[in-house]
Amino acid sequence: MRERPVHYSTVNLVDPVTGLPTRVFRKYLDDGTKVRVSKKSGAIIPRPEILSERKRPMSRTVTESCTANDDDVWEITYVPPEGEEEASA
């Protein structure tokens, strides 16, 4: 068998009470927060801590070091070999 990506709809979360895979439904608590609830036991499934720290992937973050020096942007970092320039022209 070949390795293939798994669609998110075929993956189940683990029930915190039983430790077995379970389906999940969403519920609003009295204070208005939206939580995931296990269908088997009715226990609230907590969100991972990493999701509370950041909402976007790290690769989309632009930092000061990326844009601080304009001369770095124009620096030539690739010099083609001697024979390669003539072949492409």
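Mentor: Residues are numbered from 1 along each chain as its sequence is written, and side-chain values use heavy atoms, leaving out hydrogens and water.

Trainee: Where in the protein is confidence lowest?

Mentor: Confidence is given as pLDDT, the predictor's score for each residue from 0 to 100. The protein has a mean pLDDT of 80. Where pLDDT is low, the predicted coordinates should not be read in detail. Strand E3 (residues 24-28) has the highest mean, 94, whereas the lowest, 61, belongs to helix H2 (residues 64-67).

Trainee: In what order do the three strands form the open sheet?

Mentor: Two strands pair if DSSP finds at least two bridges between them. Five bridges join E3 to strand E4 (residues 34-38). The edge strands, each pairing on one side only, are E3 and strand E5 (44-45). The pairing is antiparallel, and the order is E3-E4-E5.

Trainee: Which side chain of opposite charge is nearest to Arg36?

Mentor: Arg36 lies in strand E4 and is buried, that is, under 20% relative accessible area with a 1.4 Å probe, protein chains only. Its side chain reaches the backbone oxygen of Pro46 at 3.0 Å. Arg36 has no salt bridge, which would need a side-chain nitrogen of Lys or Arg within 4 Å of a carboxyl oxygen of Asp or Glu. At 10 Å away, the nearest side chain of opposite charge is Glu49.

Definitions and conventions:
Predicted model: local features only at pLDDT ≥ 70, side-chain atom pairs only at ≥ 80, totals over all residues. Helix = DSSP H or I, 4+ residues; strand = E, 2+ residues; numbered from the N terminus. Buried < 20%, exposed > 50% of the residue type's maximum accessible area, 1.4 Å probe, protein only. Lys, Arg positive; Asp, Glu negative; His and termini not counted. Polar contact = N/O pair within 3.5 Å; in protein donor to acceptor, adjacent residues only side chain to side chain.
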